[in-house]
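Please look at the sequence and the model shown below. The paragraphs after it go through the chain step by step.

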Amino acid sequence: MPSRSPQAPRPSVHDAAKPGLPPGQTAALAACADAFLILLFAAIGRDAHQRGEIITGVFATAWPFLAGAALAWLVLRLWRDPLRLWPAGVGVWLGTVGVGMILRAVTGQTVVLPFIIVALLSLGVFLLGYRLVAAGVRRLRSRRRQA
C-alpha cells in the first residue's frame, strides 16, 4: 500500500513574484504604506483648508480612517496577500472610507457628500495606486526572469 504523505502547500503566483521578502515583512510594509497614505490624505486635507495644529490635527482627522483600515485588515485578513488589488486593495479602500465616515459621524465630525466623494477618490488613488504600481513591477520582474 503506497503511503500518502501530506503535500506541502503550493506557492501562489504572487509568492513567486516576491522572492526577497518574507510574507510577514510584505504585510508589515503594506500596512505601514496604508497608514502613511491615510495620514498624508489627512495632512493634505487639513492644509487645503488652512487648519492649524499640524501634528495633532492630522491625527485627529486621520484616526477614524486609520481605524477603518485596521478593521479592514483584520476582517479580510489582508496580511495573507496585502498587495493584491482585489480583495486587499479594494477592501482596505472601502473599509477605510466606510468605517472612517461612520466614526466621524458618531463622534460629531463633519460628514458631507463632497467630503465623502473627495475621500473616496483620494484614498482610492492612494490605496489602490501603489498596489497597481507593485503589480506592474511584479509583472516586469517575472517577464525578465522568463526571458
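Which residues does UniProt list for "transmembrane region"? The unreviewed entry gives residues 27-45, 57-76, 83-106 and 112-134. UniProt positions are in the numbering used here, feature names are shortened, and such annotations may be inferred rather than shown by experiment. This is a predicted model, in which local features need pLDDT of at least 70 and side-chain atom pairs count only at pLDDT 80 or more, while totals for chains, interfaces and linings use all residues. Residues are numbered from 1 along each chain as its sequence is written, and side-chain values use heavy atoms, with hydrogens and water left out.

Confidence comes next. The mean pLDDT (the predictor's confidence in each residue, from 0 to 100) of the protein chain is 87, and 85% of its residues reach 70 or more. Helix 4 has the highest mean, at 97, and helix 1 (residues 13-16) the lowest, at 44. Helices here are DSSP runs (H or I, at least four residues), as strands are (E, at least two), numbered from the N terminus. Over residues 8-18 the pLDDT is below 50, and this stretch has 9 contacts in the model beyond near neighbours in sequence; contact means heavy atoms within 4.5 Å. Where pLDDT is low, the predicted coordinates should not be read in detail.

Two of the listed regions can be described by their secondary structure. Residues 27-45 are 100% helix and 0% strand, with end C-alpha atoms 27 Å apart. Residues 112-134 are 96% helix and 0% strand, and there the end C-alpha atoms are 33 Å apart.

Two packed helices are described by the angle between their axes and the distance between the axes. Axes are lines fitted to C-alpha atoms, for helices over the stretch in contact, and angles run from 0 to 180 degrees between N-to-C directions. The axes of helix 2 (residues 23-48) and helix 5 (residues 113-146) come within 10 Å and cross at roughly 145°. Among the residues that meet are Asp34 and Phe41 in helix 2 and Tyr130 and Arg131 in helix 5. The residues of this contact divide into 14 nonpolar, 1 polar and 2 charged. In these classes Ala, Val, Leu, Ile, Met, Phe, Trp, Tyr, Cys and Pro count as nonpolar, Asp, Glu, Lys and Arg as charged, and the others, Gly among them, as polar.

Helix 3 (residues 54-76) and helix 4 (residues 85-106) have axes that come within 7 Å and cross at roughly 135°. The two helices are therefore oblique to each other; angles under 35 degrees count as roughly parallel, over 145 as roughly antiparallel, 65 to 115 as roughly perpendicular and the rest as oblique. Residues in this contact include Gly68 and Trp73 of helix 3, and Gly95 and Arg104 of helix 4. By class, the contact of helix 3 with helix 4 has 14 nonpolar, 6 polar and 1 charged residues.

Arg77 lies in the loop between helix 3 and helix 4, and has a positive phi of about 50° although it is not a glycine. Further on, a cis peptide bond joins Trp86 and Pro87, with omega about 0°. Pro87 lies in helix 4.

How do helix 4 and helix 5 pack, and at what angle? The angle is about 150°, with the axes 10 Å apart. Helix 4 and helix 5 are therefore roughly antiparallel to each other. Their contact has 16 nonpolar, 3 polar and 2 charged residues, including Trp93 in helix 4 and Gly124 in helix 5.
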